[in-house]
Amino acid sequence: MKKIILLFTCMFGISVFSQIKVLKNETLVEIGKDNSVGLYKKDDKFTINYQDLNTANLNTFRSFSFHNMNKDVEGLYKMITDGFIDSPEGNIVLELPNDIIELHYEKNFGQPTVQFIQYINKNKKYVGKSQFLNKKQVDKLFGKTNGKSVLYERAVAKTNSSTAGATSYNSSTSTAIPLDDTPAKKPTSSPKSKKYKK
């Protein structure tokens with residue numbers, strides 16, 4: 001009788017553990033990564049994650065996100081790489097739904113590089129800075145070298161999100177670039193660029 005009870009106990013224990021399955025989270029897709037800067041996709045939302053070099057604690061990671069409504073990922077890539085060819089006079093300032101992002105260009109060892117500067121929650125007191133990236137690193141980040149740039153438009157589901165009205169501004173040319181599915185309004189007078197001091 002003891003053997004039968006022991007057998008049932010072992011079988012019951014095995015059946016309990018066999019019901020637990022580890023599920024893989026497949027909704028977040030890495031488009032590209034270079035050192036401490038990565039681009040990730042979830043549905044139609046893209047997130048750039050980076051290690052904040054502006055803090056004493058180098059274990060601080062920050063991120064900013066936007067939706068790919070009007071091919072904004074490809075537009076951001078083109079804007080960054082155009083800055084390598086024709087260096088802008090000042091920082092290019094982008095307004096996202098939650099943050100202000102500046103594209104800061106500098107030459108490092110004679111090579112043009114770009115840095116993301118993030119004003120967290122659009123507050124000038126809280127600033128995050130990424131590492132500097134050269135053209136090769138930007139290509140890797142945006143999935144141009146591994147072929148994952150084809151994922152920009154795949155499985156894009158239009159959503160009504162809180163991104164309405166988000167527009168980016170180029171500080172040197174004052175050109176509005178929409179960062180969502182809201183059409184850009186034609187300015188009645190010349191728009192003033194938003195400029196934030198570092």
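**Charged and aromatic side-chain pairs**

In this predicted model, K78 and D82 are joined through their side chains by a salt bridge, with 2.9 Å from N to O. Both residues belong to helix α2, where a spacing of four residues puts them about one helical turn apart. K78 is partly exposed, at 48% relative accessible area. D82 is also partly exposed, at 32%.

The whole structure holds six salt bridges. K135 is partly exposed, at 37%.

The salt bridge between K122 and E95 has an N to O distance of 2.9 Å. This pair links distant parts of the chain, 27 residues apart. K122 sits in the loop between β7 and β8, and E95 in strand β5. K122 is partly exposed, at 33%, whereas E95 is buried, at 15%.

The structure contains five aromatic pairs. One of them, Y77 with F142, is tilted, with 5.5 Å between the centres and 55 degrees between the planes. Y77 lies in helix α2, and F142 in the loop between α3 and β9, 65 residues apart. Both residues are buried. Y77 also has a charged neighbour: K144 lies over the face of its ring, 4.6 Å from the ring centre. Elsewhere, ring pairs join Y50, F64 and F116 into a cluster.

Methods:
Residues are numbered from 1 along each chain as its sequence is written. This is a predicted model: local features need pLDDT of at least 70, side-chain atom pairs count only at pLDDT 80 or more; totals for chains, interfaces and linings use all residues. Side-chain values use heavy atoms; hydrogens and water are left out. Rings of Phe, Tyr and Trp (its six-membered ring) pair if their centres lie within 6.5 Å; planes under 30 degrees apart count as stacked, over 60 as edge-to-face and the rest as tilted. Helices (H or I, at least four residues) and strands (E, at least two) are DSSP runs, numbered from the N terminus. Buried means under 20% relative accessible area, exposed over 50%, partly exposed in between (1.4 Å probe, protein chains only). A charge sits over a ring if NZ of Lys or CZ of Arg is within 6 Å of the ring centre and within 35 degrees of the ring normal. A salt bridge is a side-chain nitrogen of Lys or Arg within 4 Å of a carboxyl oxygen of Asp or Glu.
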